[in-house]
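Welcome, and please open your viewer.

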Amino acid sequence: MAANASSNRHSAPSESEFFKLSAILKRLTGINLPLNEKNLALMSSRLLKLRNEGIFSYRDLLTAIESHDNRILHLFVSAMTTNTTHFFREEEHFQILTRLIKDQVQSLPRGSQPDIRVWCAASSTGEEPYALAMVLHDLQNQCIFTPKILATDVDFKVLAKARTAIYSEKQVENVPPGFLDKYFTRFQEDGARWYRVDDSLKSMVQFGRFNLLKNYPFRYKFDVIFCRNVLIYFERETVQYVIRQMTQVLQPGGHLFLGHSEAVAGMFPGLKRAGPAVYRWEPT
Ligand SMILES: C[S@@+](CC[C@H](N)C(=O)[O-])C[C@H]1O[C@@H](n2cnc3c(N)ncnc32)[C@H](O)[C@@H]1O
């Protein structure tokens with residue numbers, strides 16, 4: 001197998017290079033890449049992105065990582081994460097969220113204005129937390145609360161993109177037209193139409209880098225956690241670690257939203273199913 005990434009073709013890493021790099025990726029992020037043809041091709045195509053950084057071979061990359069070049073390490077992680085997302089992905093979850101928050105706020109004594117804290121734990125390029133912000137901002141017309149959204153990801157590049165809050169016409173195609181008019185400013189550049197998220201939404205979302213494998217150092221508990229379409233990349237014991245940590249930072253009665261293929265039913269008895277891939281935390 002070719003070990004060099006410098007040709008224009010997607011040359012694959014050798015098996016030993018693949019094992020070393022996938023072990024580093026797993027240790028750093030939990031992402032599990034078993035050795036197979038698909039993942040060899042995935043790694044070679046993703047790492048072509050590092051050529052601009054002077055990394056022309058898997059050996060170059062391993063040497064940089066082994067000599068603790070943190071910049072290359074972060075770029076390696078960024079290249080290897082899958083950041084696919086879109087506005088209002090798995091749309092039913094946003095309807096369930098609206099109902100849950102409405103019920104929660106309306107069950108409180110009249111006149112109270114609770115903080116509702118939402119953590120979007122693998123926020124990628126921002127579409128998910130901004131969709132949450134739209135829904136919560138809109139819901140403030142019906143009940144009184146203060147929404148606070150924390151959006152985190154391990155990949156510094158997607159966080160930078162999320163902070164710019166600018167999306168293409170294609171990227172906003174799932175945003176309901178009313179929300180597009182209300183929460184975005186359109187502009188033309190380079191012959192294309194772009195959409196910038198308005199400050200009213202941007203100010204509701206705080207972005208930060210956070211690795212789900214680490215300790216969870218939050219000073220407060222969350223009413224809602226969205227952790228969607230990231231657990232699929234982890235092995236079962238990593239999923240268990242992440243979910244256990246999340247239950248520690250969820251309010252009793254709070255809700256955890258996962259991706260539709262990420263069932264954790266039966267993993268923790270205190271997590272009760274409350275909808276499709278939605279769990280209510282009822283600690284015993
Ligand atoms: C497929 S995207 C999902 C985005 C969004 N949650 C959604 O459902 O549309 C997965 C995201 O998880 C992030 N990720 C992967 N491993 C992570 C880790 N250990 N800690 C935090 N984020 C991680 C990736 O960088 C990527 O942006």
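**Before you start.** This is a predicted model, in which local features need pLDDT of at least 70 and side-chain atom pairs count only at pLDDT 80 or more, while totals for chains, interfaces and linings use all residues. Residues are numbered from 1 along each chain as its sequence is written.

**Stop 1: the two domains.** Colour residues 15-80 as domain 1 and residues 92-281 as domain 2; these bounds come from an automatic or database domain assignment. Their centres, taken over C-alpha atoms, are 29 Å apart. Where they touch, seven residues of domain 1 are in contact with eleven of domain 2 (contact: C-beta atoms, placed from the backbone, within 7 Å). Now select helix α4, residues 70-80: with three residues, α4 gives the most to the side of domain 1 that touches domain 2. Helices (H or I, at least four residues) and strands (E, at least two) are DSSP runs, numbered from the N terminus. That side of domain 1 holds two nonpolar, five polar and no charged residues. Here Ala, Val, Leu, Ile, Met, Phe, Trp, Tyr, Cys and Pro count as nonpolar, Asp, Glu, Lys and Arg as charged, and the others, Gly among them, as polar.

**Stop 2: the ligand.** Why does the ligand lie between domain 1 and domain 2? Both domains give residues to the shell around the ligand, so it lies between them. Select Thr-81, Thr-85, Ala-122, Ser-124 and Asn-229, which come nearest of the 23 residues around the ligand (near: C-beta atom, placed from the backbone, within 6 Å). The shell is made up of seven nonpolar, eleven polar and five charged residues.

Stop 3: In soluble globular proteins, nonpolar side chains tend to be buried together. Select Val-118, Ile-225 and Leu-256, the residues with the most contacts inside the largest nonpolar core, which has 52 residues. Helix α6, residues 127-139, supplies the largest share of this core, six residues. Another core, of 16 residues, lies apart from it and includes Ile-31, Met-43, Leu-47 and Tyr-58. A nonpolar core is a set of buried Ala, Val, Leu, Ile, Met, Phe, Trp, Tyr and Cys residues joined through C-beta atoms within 7 Å. Buried means 20 or more other C-beta atoms within 10 Å of a residue's own, exposed 12 or fewer, and partly exposed in between, with C-beta atoms placed from the backbone.

**Stop 4: helix α7.** Show residues 156-164, where Val-158, Leu-159 and Ala-162 are buried. Down the axis of α7, its buried residues fall within an arc of 100°, so they line one face of the helix; the arc is that of the directions from the helix axis to the C-beta atoms. Among what covers them are β2 (146-153) and β6 (205-209). On the other side of α7, Ala-160 and Thr-164 are exposed.

**Stop 5: single residues.** Move on to Ala-165, in the loop between α7 and β3 (166-168). Its phi is near 60°, a positive value in a residue other than glycine. Next select Glu-90, in the loop between α4 and α5 (92-106), with a positive phi near 50°. Finish at Ser-57, in the loop between α2 (37-47) and α3. Ser-57 and Ser-11 are 46 residues apart along the chain, and their C-alpha atoms are separated by 9.7 Å.

Technical notes: Two residues are in contact if their C-beta atoms, placed from the backbone, lie within 7 Å.
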